[in-house]
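Please look through the sequence and the structure shown here, and then read the briefing that follows.

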Amino acid sequence: MTLLDARTARLLPWIVAIAFFMQTLDGTILNTALPSMAADLSEDPLRMQSVVIAYMLTVALLIPASGWLADRFGTRHIFFGAIALFSFGSLLCAVSQSLNMLVIARIIQGLGGALMMPVGRLVVLRAYPRSELVRIMSFITLPGLLGPLIGPTLGGWLVEYASWHWIFLLNLPVGALGCWAAYRFMPELRGSERTRFDLLGFLLFGASMLLITMALEGLGELHLPHMRVVLLLLGGLACLAAYWLRAGRTANALFPPRLFNTRSFAVGIFGNIFARLGTGALPFLTPLLLQLGMGYSPAQAGMSMIPLALAAMAMKPLAKPLIDRLGYRRILTFNTVLLGLLITSMALVDGQTSHLQLAIQLSLIGAFNSLQFTAMNTVTLIDLPDSEASSGNGLLSVVVQLSISMGIATGAALLSGFSLDNRQAADGVLSAFQSTYLCIGLLTILAAGIFLQLSTEDGRSARRVKVDVDE
């Protein structure tokens with residue numbers, strides 16, 4: 001663990017939170033604006049997921065290099081450059097005149113996003129004791145949750161009264177503040193020893209993620225023949241198998257297989273993958289449901305998302321006491337089932353649903369989703385030894401982004417399929433959304449079986465360590 005002076009120890013979580021705020025603000029504003037963007041660009045609003053997935057997939061592809069880059073060039077330089085690149089990509093998004101231009105700009109934006117949160121989380125892992133990890137990570141995500149709180153409402157207002165281009169321009173002043181804070185206060189941490197970058201492993205791992213995501217996209221927006229989808233999926237799985245077989249005999253592998261010798265890490269990684277397949281689609285589907293299925297205006301849809309963000313913020317301070325009292329196994333198992341049931345309850349939403357009922361449903365989803373993410377992310381990292389923190393943190397960041405993009409692709413594919421099945425019905429669009437929510441809710445419930453594999457003692461040893469608060 002790296003010792004920090006008192007001032008840096010106080011400010012560092014805020015610096016990382018600024019980066020998280022930028023990303024969450026950008027994503028939540030974008031989801032609300034998708035129908036208006038589609039109309040402006042003459043595209044089908046149900047096929048706009050490429051704008052979201054292009055960013056998520058770029059982030060997932062480049063995150064494996066984040067730990068090595070931070071170790072090689074220092075956390076301050078990489079973090080500063082990441083915020084600057086994310087801001088530049090936002091400017092390009094704002095001036096885009098076509099869907100292809102927007103997707104390319106989102107890829108550039110993703111180059112910065114791939115480094116911001118992983119490097120920020122890595123600094124926290126190295127600078128604070130493990131007994132403080134839940135508290136610090138909850139603190140970091142709490143200011144970042146202002147993005148989901150402000151984003152939908154602000155995005156809806158901008159789309160309705162100005163232009164969707166302005167949603168990206170909002171990142172520029174926040175990025176300028178983040179660059180200044182990173183240059184001024186971010187510690188310059190480097191790896192203890194110089195290692196070679198596993199380029200072949202990086203290419204194999206990246207190819208597997210790209211092919212698997214393209215296979216899911218092929219079922220949705222791309223409408224590829226099923227045989228081609230199967231070939232893409234098999235190719236992705238083959239690349240992934242080749243990577244893991246090679247990693248077992250490579251000294252400098254990006255993600256060494258020995259990481260999975262830590263049970264809590266293995267359960268956390270697989271739990272993140274399958275639980276986020278359901279929850280990852282929510283931010284994409286819900287604004288579309290409100291606008292396309294229920295006839296809400298962009299501003300109304302944005303206002304309707306506020307209870308979800310408020311409940312998520314309210315849950316964050318309660319996460320650590322709940323985990324300390326009940327343990328990761330109980331929290332994650334029961335919370336995953338409950339969250340899945342709440343997602344399936346969105347299948348009951350229709351044109352007759354009152355604003356109060358919708359607010360209650362979204363509030364409950366936001367609260368238990370917030371607890372789920374905090375518990376999943378923390379249990380994944382808390383028992384790893386310091387020597388494996390960098391690669392473990394990198395793999396967690398990859399899995400988070402990849403599972404969200406796969407969740408969006410899965411949700412979009414289900415929505416596209418159900419839309420075709422119900423195209424003759426008067427309420428075909430709404431029925432397609434209801435069926436999609438039912439499916440992704442069931443996917444989330446099934447993930448609870450993964451968290452049952454945790455021991456009641458997993459993660460508890462690190463929380464029992466007594467550390468001085470000024471350390």
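Helix 12 is mostly covered, since 13 of its 17 residues are buried, where buried means under 20% relative accessible area, exposed means over 50%, and partly exposed lies in between (1.4 Å probe, protein chains only). Helices here are DSSP runs of H or I with at least four residues, numbered from the N terminus. This is a predicted model, in which local features need pLDDT of at least 70 and side-chain atom pairs count only at pLDDT 80 or more, while totals for chains, interfaces and linings use all residues. Residues are numbered from 1 along each chain as its sequence is written, and side-chain values use heavy atoms, with hydrogens and water left out.

**Aromatic rings**
- Rings of Phe, Tyr and Trp (its six-membered ring) pair if their centres lie within 6.5 Å, and the planes count as stacked under 30 degrees apart, edge-to-face over 60 and tilted for the rest; by this rule there are 10 aromatic pairs.
- F205 and F255 form an edge-to-face pair, with 5.2 Å from centre to centre and 65° between the planes.
- Because F205 lies in helix 10 and F255 in the loop between helix 11 and helix 12, this pair ties together parts that are 50 residues apart in sequence.
- Both F205 and F255 are buried.

**Two serines**
- S87, found in helix 4 (residues 75-94), is buried with a relative accessible area of 11%.
- S345 lies in helix 15 (residues 306-345) and is buried as well, with a relative accessible area of 17%.
- The C-alpha atoms of S345 and Q434 are separated by 9.1 Å, although these residues are 89 residues apart along the chain.
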